[in-house]
Amino acid sequence: MSVEDVSNPQGTGLQQSSTLLRVAGLKVHFPVKKGLFSAVKAHVKAVDGVSFTIEPGETLGLVGESGCGKSTLGRAIVKLVRPTAGTIQFEENDVSLLAGGQMKAVRRGMQMIFQDPVNSLNPRMTVEEIIGEALDIHRLAGSAQARRNRVRELLKAVGLNEAHAERYPHEFSGGQRQRVGIARALAVEPKLIICDEPVSALDVSVQAQIINLLQDLQRDRSLAYLFIAHDLAVVKHISRRIMVMYLGKIVELAPAQIVIERPLHPYTQALISAVPEVDPESKRQRILLSGDVPSPINPPSGCPFHPRCPVAEARCKVERPALREISPGHWAACHLA
Amino acid sequence: MPEAPELEKYAAHAMEDIEQGTSLWRDAWHRLQKNKLALFGGGFILLLALACFLSPFLGIQSYEEQNLTLGATPPSAEHWLGTDLLGRDLMARILYGGRISLSVGLAATAVSLLIGVIYGTLAGFLGGKTDALMMRFVDILYALPFTILVILLMVIFERSLLLLFMAIGAVEWLTMARIVRGQVLTLRRQEFIEAAEALGLRKRRIVFRHLIPNVLGVIIVYATLTVPSVMLLEAFLSFLGFGVQAPMSSWGTLINDGAKAMEEYPWLLLFPASFFSLTLFSLNFFGDGLRDALDPRASKD
């Protein structure tokens, strides 16, 4: 029994009519090669058998250490990297099978917001051109006037003003640039936005503004987010459910409140204990993990977390724990849970 | 602190910016106009090119008309830049030589730009095995000694100016391809390229709208460096007897001849060399200005 056999780990009891995104058994393996003609030596298993769903209008938080495959997972969903195996079903379409015009139609439905506000905007295009390009490619503005108006409308929606349309990306602050990136994603009226650490490069005060903006937009436009971050405090604030990844696999998936208050997986427990607390009186025990994340080229046998796990037993070394539903809506991949 | 009228000017300028959408090229032209040195460089090259190509109609002496009794004379009212050992008017020879030097310089650079940019962008963008094979091909061509390549070409085909363009262009594009490929490799990992892909842009549009404009700065700077090196190559080939032959002239041959006679008749070296260096200066100023003008981040106003 492995993770990819698990069909549809559902979220809370809240059931919506149709699932927006259904990822099943997704694997992204990168070949490790040496030289020009030599054979593939090994694979980096960046994403290794991941299954989950996202309902319309919901936010699924995705946390994990750097290198655990969370960004690769996000990129695979919008097909910036090619999946090795598994299916990505967006509404009725299997994204992994589409190409050309059909793929372009699906791309309208899901967009991405990037981590680096400096590199995610073409430095040689004005904001109007950047957002306008998104409109042009999907023919969303009939005339030059309509395009102008739409760009200005989008800028207002993300808290910028009309005068900003003529400016180049370098004339903005980090937070403003991130707003431009959000406006570009919104331009095609997507239903799902993959937010790849959208605030981790920003100041804390600006982070809150961007998070609030994302929440407002979600309310007004019934957007669904896959919110990728390494900061649990941020994810807790915005997500309905939280998914924890470790070495390319999901180790825990549950409603946000439950993950924070009653985490079942020792890795999640360690992550939560690392979130700084405001209350100085709090006598919380910090769980310190020893060692580094093992190489995804050659992951440990059994439970991938066992070399660092404070409660590991003998069978954790041999038997890989499946992601199972411990209580309704609360999934964890741990023998001891 | 700017004075009040200065401030008004800025305000007016800002208003103007808000009112009209500006394209990259129009913006660039605005910025180029503010760079006096670049304008001067561009203007000088334009004037020189006009003078060179119109020289047969300017009513000056022909470049091949000899006056053996006159011999080498210093600049005078009749011969502004003096005459050479055979009594030929130096100005006519410089202007005539400019036709060849400028056309070799610009044409061979254009050829190398065209091949190099397309080849390098493709290699960098496609990546993987295609990239590796394409770049090994470049390495192989690099390894061929240039002189031997040109001599072979000249032996197989007839000696002609067109062949000279092609031979030089065929060598100069290699470096261009390498530079562009390196730039494209770093650029295509940037998130704005991924964003364009996620929006559903076609590969061709990504290459022309997002990749090449961001490599322009490097391309332009390298092109301004290529023009002089091409002119020097032409001089070198002419010296070996593969390029321009007397009585035709190019700046390379003139400088070469002038260098031999510089102790007795210094103007024979001084004038062609001044034209050559002024042209190179102008090209560099113009190229620098163009690079800054095309980069929105470079403008400090």
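## Contact between the chains

In this predicted model, 21 residues of chain B are in contact with 25 residues of chain A, two residues being in contact if their C-beta atoms, placed from the backbone, lie within 7 Å. Helix 1 (4-19), helix 8 (191-199) and helix 9 (203-240) of chain B each supply at least two residues of the side that touches chain A. Helices (H or I, at least four residues) and strands (E, at least two) are DSSP runs, numbered from the N terminus.

Helix 8 of chain B gives the most to this side, with seven residues. By type, the residues of the side of chain B that touches chain A are 10 nonpolar, six polar and five charged. Ala, Val, Leu, Ile, Met, Phe, Trp, Tyr, Cys and Pro count as nonpolar, Asp, Glu, Lys and Arg as charged, and the others, Gly among them, as polar.

## The sheet of chain A

Chain A has an open sheet of eight strands in the order 6-7-8-3-9-10-12-11, with mixed pairing; two strands pair if DSSP finds at least two bridges between them. Strand 6 (110-113) and strand 11 (324-327) of chain A are the edge strands, each pairing on one side only. From one strand to the next, the twist averages 20°.

Five bridges join strand 7 (residues 192-196) and strand 8 (residues 224-229) of chain A in the parallel sense. A:Leu226 in strand 8 is the bridge partner of A:Ile194.

## Basis of the model

Residues are numbered from 1 along each chain as its sequence is written, and chains are lettered from A and ligands numbered from 1 in the order in which they are written. Local features need pLDDT of at least 70 and side-chain atom pairs count only at pLDDT 80 or more, while totals for chains, interfaces and linings use all residues.

Conventions. Axes fitted to C-alpha atoms, helices over the stretch in contact; angles between N-to-C directions.
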